[in-house]
Every structure is written in structure tokens, then in C-alpha cells.
Amino acid sequence: MDEIFVKTKEMERVVAEGGSDRYSNKVMTTLFFEPSTRTRLSFESAMSRLGGKVIGTENAAQFSSTIKGETLEDTIRVVSSDSDVIVIRHTDIGAAERAAAVATVPIINAGDGAGEHPTQSLLDLYTIKKELGRLDDLHIVMIGDLANGRTVHSLSYLLANYNKIHISFTAPENVQIPTYVKKYLDEKRVSYEEEHDLEKVAKTADVLYQTRIQKERFTSLDEYEKACGKYIIDNALLSVMKKDSIVLHPLPRAGEIAVEVDHDPRAAYFRQAENGLFVRMALIDKCFSM
Ligand code: NCD
């Protein structure tokens, strides 16, 4: 991760200098079976800024042979020969791992259902490092749909690599952090708690990491509505937070951060999204320089 962050800093410079053509002979395929704005476009922009070509589909469920009954494995075997790297987002947990098992080129997981979203977490950590100057000795509060939100699963795993981390999980009753994530943190001896009082944990937080209630993952509208609107970050909450703290969100937001918060210097979520480009350039570069 340290290596990726050094490379990411270098990529900020590459973009400022107008990009590079170092991968003009390479092709990236983006296969997205779920909607995306930021992730797909930042991967495509990252590849373009390194001189590479991008092919793919933003609606692979409809516009690929999946609709004809082709398995993910067969699709990946074939797409491997068209590509030097494949970026995949899928509805199923473990899909990227299945793809990697049959691919002959690197696979990057851009989100596998309610499973993981590792590239998002790399950009989250890069943002924390850039904003607060450190990745050790942090109190992070993860808020919202911690059951279905894949970004918080990956972020918890990555944070376990650092020292003096304390995580507060603040979620509505029906979307708590999964047991398997807690088990991993126990194994890695990471300190955490489940706390329903957001104001209490916000007072000592270095990072508030807010997430959207993942409507598309619910099977009942009633359950979705139960989870909605319980934790909203607004100026009143900001007023109890430390001056040198930050608010992050993987975006898109759907009302869980009030627009009034955008004007506060601690609102770092748009700067966070911008860092996605640099981190993804670093990852592409890593794939091709291995
Ligand atoms: C997230 C995702 O797709 O998991 N979005 C993103 O990639 N930035 C979060 C979400 O959809 O709520």
C-alpha cells in the first residue's frame, strides 16, 4: 500500500504535467454489470491519461453475452485475449475472484455485490493520509449501511494494517457490520466498538465515513425504509466535531450528508473522489510494471 501511495503522488504530478503516453500499446477493458459513475469513469480517465486505450461496456448485464446465458468465466476467458487489464464490477460477491481464476491478464475488482470495493478503500486511505498527514493513530467512525456497503468492509480490512486504529461502527439496527468483518478485526487485534450514538463518537472522531443505504440490495422496501434517515451529517453534528477532523463518503450520497456541510473545510468527499483518478493510475501502472 505504501508503494501504491508513493506511485499515486507521482501520478498527481503526471496529470499536472498533462499526462503521459507510456501505455499507448495497452488496452483496458471495463466490464460493469452494475451502475457506476465515478469508479468506471475514473478508471477510464486514468487509462487515457497514461496513453492507453479503453474498451468495454457500462451495462454488461444487458449488452454482453451474459444475456444469452454465457457464464462469467467464459466471458472473462474471451475478453482476456482482447485486453491487457480487465476492470470488473459485478452483482455477485466473489465475482472478481472467479474472474481472476480464469483470466490471463490482471483483474481489478471495482466492486463485487455487497462484498468488497478495494480500489475505493485505497483512495479513501490516500485521502486520509493527504488530509490528516497520517494513517496510524486514528479514530474512524463508519456510518450507515454497514451490512451491504462494500466500501466499509474493504476499508476495515485495509485499516487493520496500521497502528493505533479505533473504529466505531454506527449503523441502523438492521444493517450492522457483518460478523466476518468483526472476526477479521479481532484476529488482527484492531480496536472497535458498535455504538448507536453518533454524536458521542463524532466528538473524538478524526474521520467520519458516511455511507448510503444500499437500496438495491434490499429485498423488502419496508426494511430499506427502516434503515433510512437515521444518521444524517449536518452542521449541527459538525459543531461537535474536532477542528482537525474530516468527513468522507464514497459517493453517491442520497441525503445522508446535508448539502450545507459542503461549505465546511472538513467536508473532504469531493477531494476524495478526485483522488480516485490518481490512485487508479497508480494501480494501472503497477499492473503493467510487474
Ligand atoms: C460505492 C459503491 O459502488 O460501492 N460507490 C463508489 O464506487 N464510489 C458506494 C455506493 O454505491 O453507495
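These legends describe close-up views of a predicted model with a ligand. Local features need pLDDT of at least 70, side-chain atom pairs count only at pLDDT 80 or more, and totals for chains, interfaces and linings use all residues. Residues are numbered from 1 along each chain as its sequence is written, and side-chain values use heavy atoms, with hydrogens and water left out.

**View 1. Residues around the ligand.** The shell consists of Thr-39, Arg-89, His-117, Gln-120, Arg-150, Thr-151, Arg-212, Gln-214, Pro-250, Leu-251 and Pro-252; a residue is near the ligand if one of its heavy atoms lies within 4 Å of it. By class, 3 of these residues are nonpolar, 5 polar and 3 charged (Ala, Val, Leu, Ile, Met, Phe, Trp, Tyr, Cys and Pro count as nonpolar, Asp, Glu, Lys and Arg as charged, and the others, Gly among them, as polar).

View 2. A polar contact is a pair of N or O atoms within 3.5 Å. A polar side-chain atom of Arg-150 is 2.7 Å from a ligand oxygen. On its own the ligand has 320 Å² of accessible area, of which the protein covers 93% (Shrake-Rupley method, 1.4 Å probe).

**View 3. The largest pocket.** The ligand sits in this pocket, meaning that more than half of its atoms lie within 2 Å of the pocket's grid points. A pocket is an open set of points on a 1 Å grid over the protein atoms alone, where a 1.4 Å probe fits, with protein on both sides within 12 Å along at least five of seven lines; lining residues have an atom within 4 Å of a point. The volume of the largest pocket is about 420 Å³, taken as the space filled by probe spheres set on the points. Its lining has 21 residues, and Arg-89, Arg-150, Arg-212, Leu-251 and Pro-252 are the closest to the centre. The lining divides into 4 nonpolar, 10 polar and 7 charged residues. At least two lining residues come from each of α2 (38-49) and α7 (150-159); helices (H or I, at least four residues) and strands (E, at least two) are DSSP runs, numbered from the N terminus.

**View 4. The second largest pocket.** This pocket has a volume of about 310 Å³. Of its 18 lining residues, Ile-107, Ile-108, Asn-109, Pro-118 and Thr-119 lie nearest the centre. β4 gives the largest share of the lining, 4 residues. The lining comprises 11 nonpolar, 4 polar and 3 charged residues.

View 5. The Leu-251 to Pro-252 peptide bond is cis, with omega near 5°, and Pro-252 is in the loop between β9 (246-248) and α12. Lys-164, in the loop between α7 and β6 (165-170), has a positive phi near 50°.

Methods. A polar contact is a pair of N or O atoms within 3.5 Å; within protein, one must be able to donate a hydrogen and the other to accept it, and residues adjacent in sequence count only if both atoms are side-chain atoms.
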